[in-house]
Amino acid sequence: MHPLEELRERALAQIASAADERALEAVRVQFLGRQGSVSQWGETMKTLPKEQKPIVGKLLNEVRQAITAAIEQRVEYFRAERESAAVASIDISLPGTQHERGSLHPLTQMLDRAIGIFRRMGFALAEGPDVETEWHCFDALNTPPDHPARNEQDTFFLPDGRVLRTHTSTVQIRSMESQRPPIRVIAPGAAFRRDEVDATHSAQFHQIEGLYVDEDVSVADLKGALEFFLHELFGADAAIRFRPHFFPFTEPSFEIDVKSKALKAGEKWIEVAGCGMVHPAVFEAVDKSRGDDAYNPEKWSGYAFGLGMDRLAMILFDVPDIRFFAQNDLRFLRQFA
Amino acid sequence: MKFSVNWLREFVDLPLSTEVLTDLLTMSGIEMEQIEQRGGNFDNVIVAQITASKQHPNADRLSVCEVNDGSGNARQIVCGAKNYKTGDKVPLALPGAELPNGLKIRASKLRGVESNGMLCSAIELGLGEEASGLLILSPETKIGAPLREVFPPDTIIDVEITPNRGDLLSHLGLAREIGALSSRAKSRDPVEVSLKVTLRGSSTPLGSAQDDITISALRECPFYSIQRIENVRVGRSPDWLRAKIESVGIRSINNVVDVSNFVMLELGQPTHAFDAAKLRGTINVRLAREGETLLALDGRTYSLRPNQVVIADTERAIGLGGVMGGEESGVSTTTTSVLLESAYFSPGSIRRTARELNLPSDASYRFERGVDPQMILRASKRATAIICEIAGGTAKEMSIAGELPGNPADISLRYERVDRVLGSHIEPQAADGILTCFGLEKANDSSTSVSTSTWKIPSYRRDLQREIDLIEEIARAHGINKIPSADRSRFTASSEADRQYDFESQIRRELVALGFNEARTSALIARGELARASGAVELRNPLTEDHVALRTSLVPGLLAGVARNARAGAERIALFEIGNIFAAMTGEQKRSLAIVLSGNVQSKKSWRGAEYRHFDFFDLKGVLESLFSARADEREYRRTERSGFALAAAISSGEKTIGFVGQLASAEANALDASAPVLVAEVDLAELARTRKTAAAFSEMERHPSIRRDIAMFVPRHVTHADISRVISSGDEPLLERVELFDLFSEKDVAANERQARKSLAYSLTYRGKNRTLTNEEVSAAHARIRERLRREIGAQLRE
């Protein structure tokens, strides 16, 4: 064995047995330091015959690399050992660093969900003002003065005679006034009722109005659209029924009930929406206001619907009292984070 | 409205089970609200006669009665009621009986006196609302008979009648509808509804138009009739009558008034009985006079308007036509001669009057929905016959004035239109069958083609006015569930409202990501908040003090949220709302965003020793800056005065004011029970949208290294960060990329006066070349120029 090879074996053995980083450093100095054995072999090299120089030089290089690599490996070993010793004492059951989490209001979440479904069904959004004329709120919706369904008792009036809209159906009129058919819109918004406030009634509530006017729109289309929407919302296995009802501005008119085991009401039918085919008198009122016959009821037909968002949110989130929605108690809001 | 199932059965064969009836009604648009079982449940309750009564020896309020229970043995009962006399027949609950209210009857001693049962009131038996005394039965009742025989079991249904269906507001009307619907269910052939009871009517001939009635208000009251009935003995109604009207929630008054109510419940036509002796001269149906008042039967005096119809005699108003009779002219125990009114009042006029006087009545409810003109005289005859029968009256002449409204106009129906509206084919014969069931008659018109038909409308269906009304009837009876659902959609371009919704959703999500909870507050503010919302548009008719005006700002609502949560002990309050606000005076609506912060930066203490301090002005300003997300130097924060705020700044961009941010005065914060500063901001949402980038676009990333140099300086305390930033950027150094303030402190200058007071600021300046690596020399040169400007322009003492 060449003395260099012996030197290598000795060095590797000492590196392997170095107990800590200080001992390892001593080994490094002993072999690779300026006065170290390997460095001295560099001096010895100069004295060798020419023909041996490349051979010994190559060997010396290999030895130096082997020792250096072994030291590095040993250093890495010590570092890993030190690190695992350090983390061994960490109590990983300690709580994670806190991040403040915000939340969307449950009504916003309800609206987002409903709007998301309607958008997939090809409805665009529309809007109208909260403060409305009586004409938009009642007359145009086939509810003339002295009609039993024109409930002034339940309507908030402003000093100038305008009203706070009692339903978002006003947006049906606003939309048809400003654009020609076909029209396919939903209008989320607030509505107001002069009503005693209790667990299911509040002065202000939220609705989504829907309107589709086109050629030959029928009750079958209305059924298909709202069944799709309600199945998306309540699940495919929810039962849905349409029940004849009366609204002045639709005819025929229906209320829609949903029954689902997933809901707290279980086997009971729960009313979730009102809907119907746009009454020809509504088209006639719109045309009169527009001054044309864009909505001639002989040519166009349509369906309209209204959904109570507070009510749907109460049903879906199991909220027992509508007043929670306006109190903004963080203990309530954070439940919906 | 409440209906008695027994009563309905008098007119039509009903489905046997209540469930089937409920389904039938529900699926044809008549919603069942409540079902209640009544009577019948009277085991061990019998009819007894009181044979003697004496004072209880040990109790002032009790009596000891001896009753005949039909067994032949006298029975002793202790009784607390006072309304009976010896000889009266009353219900007796025997020991062992269990009353509908759950009371179990046992033989016992009351104050030392034996009592073998209990004499019952109507309410104890679930037979009426009367609780003040015993239920006195009519003299004909058989002693010892089970009470079940007197009050057979009944089901009372409470159903919602929609406002278009005034014809259903009677037992006859609902029975007719059920008959039509159930005949549909049984058979597709048109079946005529048969009324099992033919109405008994007096044979008195119609009086011709006489001059004892004048109608001056023909538009409001096109037809009026008066039937005179003499020798009437006003008194208690017989049991069957009381039971009938009380079963559907009408209180018994006396036999004449009860008959009037009975006929209304039976046939739907309200009638009214006047005491003939109280009237002077002839009857005039006229509009009220300016300033006229009337004491109505409800005991209240109403001031009338000249558009309201009154029934008047020669001297004064004696009733509010179609709404309520007058107190003075009403039937009382002294009445012997009755004038029975039956008339047609126009729906609009009645509705207006009832609304203006806030006086809805059973009569006005029916008149405003339209009564059946063909029923007016039938009802009068029916009531007259019963009054004569039970109150011993003699029917005299009937007077009429005006003309009955004509029948509704014929309506033609296109069968193809039915299919188009429903989206499903209905055979013309099936459609005809349905309409015939509902009492419509197909006109025998030879010109009618096979594709259309013309229909005569019954007098009671004034809601059927045009083709679509017939189509609705067909849909209702055919069954909506038989119509197949169709899937019909179309491509729809997004609208301005879509873009607005998406923008607001984005803002909401950004704020939620920053740890805010979204709030929603009412658009209506309370009286107490009006002081701070000057000019807010007030409601003309608020219902409560909580909702009186339109909010001009979202802030009051959010501050109420702060108060609620502070009181609930919340450590960290961070709320925002996006909603409509309404301009003062005009009520003009716009979208607004408001944010409030109060309490600790973190909602809980942490073992990490993390930040635990109160929110301050700069926390909220930072939130706003993150929302604005365009170049900060496009916006300006200017100090302003704001009532209720200790510190307030107006935020502007160019000429436009975007909003404000501030800190509440501590007095205001204390009023909210907030234990930490309350920071508030409100921003115009449209202006906020304008500050934001409309579309994301790529820009080249820096490829060359930057060089950072710091500047630390003392400046007089009045010099602001904005002043310093302006000086630094005023040189337009092309290499200067970014300036960041990283340290700030004010000297606690006890000795120095205000003018000498200084503060220290330290900035980090970043230099970078766009296309090359900068040399130290050029950065140093630029940095030196900036330092020099700071020294020269604001007297900064630069620190090394």
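**Figure 1. Domain division of chain A in the predicted model.** Chain A comprises domain 1 (3–88) and domain 2 (106–336), with bounds that come from an automatic or database domain assignment. The C-alpha centres of domain 1 of chain A and domain 2 of chain A are 84 Å apart. This is a predicted model, in which local features need pLDDT of at least 70, side-chain atom pairs count only at pLDDT 80 or more, and totals for chains, interfaces and linings use all residues. Residues are numbered from 1 along each chain as its sequence is written, chains are lettered from A and ligands numbered from 1 in the order in which they are written, and side-chain values use heavy atoms, with hydrogens and water left out.

**Figure 2. Confidence along chain A.** The mean pLDDT of chain A is 93, and 100% of the residues score at least 70; pLDDT is the predictor's confidence in each residue, from 0 to 100. Helices (H or I, at least four residues) and strands (E, at least two) are DSSP runs, numbered from the N terminus.

**Figure 3. The largest nonpolar core and Phe234(A)****.** The largest nonpolar core contains 145 residues, and Phe234(A) and Ile157(B) have the most contacts inside it. Helix H8 (residues 219–234) of chain A gives the most to this core, with 9 residues. Such a core is a set of buried Ala, Val, Leu, Ile, Met, Phe, Trp, Tyr and Cys residues joined through side-chain atoms within 4.5 Å. Buried means under 20% relative accessible area, exposed over 50%, and partly exposed in between (1.4 Å probe, protein chains only). Beyond its neighbours within four places in sequence, Phe234(A) is in contact (heavy atoms within 4.5 Å) with residues including Val258(A), Leu263(A), Leu312(A) and Ile315(A).

**Figure 4. Helix H6 of chain B and its ends****.** Helix H6 (residues 255–267) of chain B is mostly covered, with 12 of its 13 residues buried; among them are Val259(B), Phe262(B) and Leu265(B). At the start of H6(B), a side-chain oxygen of Asn254(B) comes to within 3.1 Å of the backbone nitrogen of Val256(B). Just after H6(B), Gly268(B) adopts a positive phi of about 90°.

**Figure 5. The surroundings of Thr168(A)****.** Thr168(A) is located in the loop between strand E3 (163–164) and helix H7 (170–178) of chain A. Thr168(A) counts as buried because its relative accessibility is 0%. The side chains of Thr168(A) and Glu209(A) are joined by a polar contact of 3.0 Å. A polar contact is a pair of N or O atoms within 3.5 Å; within protein, one must be able to donate a hydrogen and the other to accept it, and residues adjacent in sequence count only if both atoms are side-chain atoms.

Methods. The expected span of a helix is 1.5 Å times one less than its number of residues.
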